[in-house]
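Colleague: Could you take me through one part of this model in detail? I'd like a close look at the place where two of the chains meet.

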Amino acid sequence: MSAEAAEPLAGAAAAEPAAALPHDRWRPLEVAFWLLPLPCYFLFPGYLVLASQIFITGLFAVSLDLILGYAGIVSLGHSAFFGVGAYTAGLLARHGWGEPLSGLAAAAAAAAAVGFLVSFLVVRGGDLARLMVTLGIGQLFFEAANKAYDVTGGVDGLNDVRMWRILGLFDFDLQGRTAFLYSLAVLVACFALVRRVVASPFGLSLRAIRDGGKRMPALGAPVRRRLVAAFTLGAAMAGVAGALLAQTTQFVGIDVLGFNRSAELLIVVVLGGAGRLYGALLGAAIFMLAQSYLSGINPVYWQFWLGLLLVVIVLFARGGLLGGARRVLALWASARRASR
Amino acid sequence: MLRNLTGILFDGIAYGSLLFLISNGLSVTMGLMNFVNLAHGAFAMAGGYLCVALMRRGVPFLVTLPLVFLATALAGVVAERTLYRRLYRAPHLDQVLFSIGLTFMAIAAATFVFGPTQQPVDLPPFLRGQFHVLGLDLGRYRLFLVALVVLVTVDLEFLIRRTRFGAQIRASVDNAAASAGLGIDVDLVCAATFALGTGLAGLGGALGIDLLGLDPTFALKYLVYFLLAVAVGGAGSVKGTAAAALVLGVCDVAGKYYVPAAGAFIVYALMVVLLVAFPLGFYGRRA
Amino acid sequence: MKSVLRVAACLALAASTARAEETIKVGVIAPFTGPFADYGKEIEAGIKAWMKLNGDRVAGKRVEVIVRDTTGPLPDVAKRLAQELVVREKVHFLAGFGLTPEAMAVADIATQAKTPMIIMNAATSIITTKSPYIVRVSMTLPQGTAPIATWAWKNGIKKVFTLVSDYAPGIDSETQFKKTFGAAGGQIVDSIRVPLRNPEFAPFLQRIKDARPDAVFIFVPPGEANIGFMKGFVERGLDKAGIKVIGPGDLTEDHTVDAMGDYALGIITSFHYSDAHESPENKAFLKAFYEVAPGLGRPNFMAVGGYDGMAAIYHAAARLGGKIDGDKAVEALKGWKHMSPRGPIYIDPATRDVVQTEYFRKVEKRDGKNYNIEFDSIPNVKDPGKQ
C-alpha cells in the first residue's frame, strides 16, 4: 500500500492508512499541549520568570523554524532581529512611551523592516554565502549597538525601561506573574498565526522551495518573493520575541544580539526538530530548563555536553526529538498494522 | 605618512598571511568535500594549545612547530575517518551543527584543561624586537611569520601543480565522480587533504599565539575571519583564499589604525559588501 | 523532570520559611566562569577570608552565602539570578557584582525588593545612583584615575596619549583623566578607544609611536589585555623611546602583575590597594586569603572588595541585632568607618559610595616577584565622577 512508502518522507503528515488531505484543525494533542502552562502557574510560583523566558525563547525559535525549517535558509544571524525588536521596545519605554502592546507592534514593524532589507542579501547565493552574510549581519548589528552606547547603553545594557500597565490593568511585578501570562498570551497568538501560514498554500510552497531546488522556478513560482516574505515574517516574529524580553525584564543587554544567541537558537530548533513548529517549542523548553539546571552546576560542563549533544543529534538523530518521536510512532504503527 | 603606510601594510600582510595559512585548509575542505567545517577554528586552537603544552615541557618554540603540524594533521585524519565522512552528503545545516558541536566541545575541553585566560608564548630571543631597515621598523616575529607562510605556500603550490597527488586533488575538486571513475581513490585524497588542511590550521594556531592571542574562545572568535577569507576568496581556490586573506588583513589593520573608532565594524561591513558583490567569491567555483 | 522540580520546589519553600528566622542570607552574583572567571573567584575568596577570621555568625544568627554565576557580562542573566535570589531564596543582602552591567541590571530588583545591594567590585561612577539600596565598598574608576593625572603633570609629563577599552569603565577613566590632566594644563595628543574583546594592539601601538607623547595613559580590563599591551609596547621599542606608561592601578593589579614579567617594572599607577601595603589588617587578610584559596595566586583589589563587603554586611547585621530591614541596613552603612586591608575607608552618607586613600605606587621586584610599592598617598578621596 502506498501508505508504507509514504512513511520515510521527513516532515510529511503522519502516515494515515487512508489518504487524508492536510487540514488546519487543531488536534487534541495540540490543545492539551497549550493547556500545560496553566497548572504550572500555580504549582511553580518561584519559577515564573524562567517560564516566561521559556515562552520567549519558544517564540524566537518558532520564528527561526519558519525561516530555517520551512524556507530552508540557514541563518546564523537571527539574533539581529531579536535585538532590533528588543531595543525598539526598550528605547520606546525608556523615552517615555511604556505602553506594552504598542511597543510590541513597533518592535515587530522595525524588525520586519530590517528583515525585509536583509532578505535581499540572503536570497542570493548558496548555503555558504547565506551563512556568511547572516553571520556578518548579526555581528554588524552587535558592533553597531556597542558603538552607539549613548543610545543603547552598550555592554552595560539599557535600563530604566519603565513599562506601563498592560491594558491599564496589570503591572509587571517582581515575582513575574504578569510577565508569565503576558508572554504566554503573545506566544499563543503569534504561534497561531505562524501555524496558519505554514499550513496555507504559501507555507506549502515554501517547503517545496526548500526541498525542490530547481523545480519551483520551473513551475513559475515566484521563489524570491516567497523567500523574502517568509524571511520578513520570521524577522518580525523574532522582533516580537525580543520586545517581550525587553518588556518583561525591563532591561536590554547587548547579548540580545551576537553570535551566541543565534547559535544557541539554532541548536534549540534542531534539538526539537526543524520544520515542525512544535519542535521549536519543545527544544526551547528542554534547552532552557537544562541550561538553568545544569549550568548552575558547572557551565563548562554544560558547554561540553551541549556540543556532544549536537554531534550526536546530527549523526544519529536527525530530525531532533520530534523527528525521533515520529519515527518511533511510525514504527509502532506499522508494527501494529503488520500484526493485524 | 609613507612610513606609516608601509608599516601598516607590513603588519596587515603579516596578519593576512597568518589568516591565509589557517583558512587554506578550510577552503580546500569546502571545495573538495563540500563540507562546511565550522570546527576549523577549533583545530587551529588545538594546535596553539599543543604548542603551549610542549613549551611548558621545555620544548623550544621552533621545534614545536613541525610537531604541532604533524599532531594536528593526525587528529584531522582520525576525525575525518570516524566522524566527518558520514556527513559528506548531508545537508549543509547538519554539517554546520555538527561542526559547531565539535567546536563547543573543544572550547569546553580547553577551558577545563588550560583555564579561560590567555596563554603566554615563549619566543626565542632572536624573534623578538624589530629590525630597522631603510628607516622602517619591521617586527622580527612578523617577518618570520611572513617568510614561513611564503615557504609553505610555495611548497603547497609545488605539491598541487607538480606532483601526481596534487593532480589527483585538483581532479577530485573539479569533479569527484569523474575522478573516481578514472580510478583515483577519492576517499584517500579526501582524507589526505583534510589532514593537510587541519595540520596547516594547527600550525597557524601555534604561530598565531603571539599575534592573535590564545584562549578558549579562539575557535569562535576568529572563525568569522577564516570563513570570510574562504567565502570571499572562493572555496577550493588557494589563490583566491590568499588574495582574500591579505585584503582582509590589510583592511583590518589599516581600519584600526586610521579609524580606530570603527573597530571591527569595518571587517563585517566589508564582508557583507564583498559577499553581495561576489556571491561565489573572487575565484569561486562552488557557492 | 517536572515532578522532581515540584518536590524540590516544595522542599525549598518549606526550608526557606523555616530557616528565615535563623540565617542571614547573602546572595553573591558575579562571573565565576568564562573570560572574567577570576573576578568572581577573587571576590569569593575575599568573602571566605573574612568569614574565616570573623566566623560565620553575627548577632546570634548564622550567615549563609549563596553564590550565583553570571558567566560574564550578561546583565539579563544577572537580573534573573537576582530575582530568583530575592523571590525564591529570600536573601537579605545582594552582593558581589564583578562587572558594571551586572550591577546596573540588578539595581531595579534591589529597589523593588527593598534589598540592600553591596557592590564589591564594579567601578563605574553612576552605579550608586541607580538605586537607593546600593552601597559600594570597592572603588570607582575616576577615583583611581584623577590622582595619576595630577601626578603626571607635576612630574614633567606634558603630552599624553590615552588608550582605553571601549566600555563604560574605560570611558569613565578616559573622561576623568582628560578632565584632571587638562585642567592642570596638560595636552592630550590623541585618544583611542579599542574594542573590548581585542588583544591585537599592533595598529594602536603604531599610532602611539607616531604621535610621540611623553606618556601613554592606558586602561583595559584587568588581566591579559594589560599583558598583551605591555608586551607589544616593549617589543616595538616604545619604552626605549622614552614614553612612560601610566594609568589607574588596574594596569598592574596584583593578581597578574607577575605574568607581565620585566615588562611591568617601573610603571607608576594610582590605586586604592596593593598587596604590598604594610599594615596589620593587610597582614591578617593575606594570611587568611592564602589559607582559604591556596591555588588562586595572589589576592587583588577584588578580593579586598569581597572582604570589606562582608565586613559591611556584618556591621549592618550587628547594628540591627540580626533583624535585617532594607532601609535600616542602608542607613546603618551610611557613614560607616572601617579599617580595611587597603587602609581606612568610609561610606559617604550622601552618595553611599566609598571614600578612601589613593596611593601612588611603582612596580618593583622584591624576592623575585613584582610588587606595587607605595611611595605616596592622598587621603579621603571621594569619587570625582560625581562632582
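Modeller: Here is a walk through the interface of chain B and chain A.

A word on ground rules: this is a predicted model, where local features need pLDDT of at least 70, side-chain atom pairs count only at pLDDT 80 or more, and totals for chains, interfaces and linings use all residues. Residues are numbered from 1 along each chain as its sequence is written, chains are lettered from A and ligands numbered from 1 in the order in which they are written, and side-chain values use heavy atoms, with hydrogens and water left out.

On to the contacts: 39 residues of chain B touch 38 residues of chain A, counting heavy atoms within 4.5 Å. Together the two chains bury about 3600 Å², with 83% of that from carbon and sulfur atoms; buried area here is the accessible area (1.4 Å probe) lost on putting the two parts together, summed over both. On the chain B side, B:L97, B:F104 and B:M105 lose the most area to chain A, together 17% of what that side buries.

Salt bridges (a side-chain nitrogen of Lys or Arg within 4 Å of a carboxyl oxygen of Asp or Glu) come to zero between chain B and chain A.

As for which elements do the touching, α4 (92–114), α11 (223–233) and α13 (265–277) of chain B each supply at least two residues, helices being DSSP runs of H or I, at least four residues, numbered from the N terminus. The largest share, 15 residues, comes from α4(B). By class, the side of chain B that touches chain A has 34 nonpolar, three polar and two charged residues, with Ala, Val, Leu, Ile, Met, Phe, Trp, Tyr, Cys and Pro as nonpolar, Asp, Glu, Lys and Arg as charged, and the others, Gly among them, as polar.
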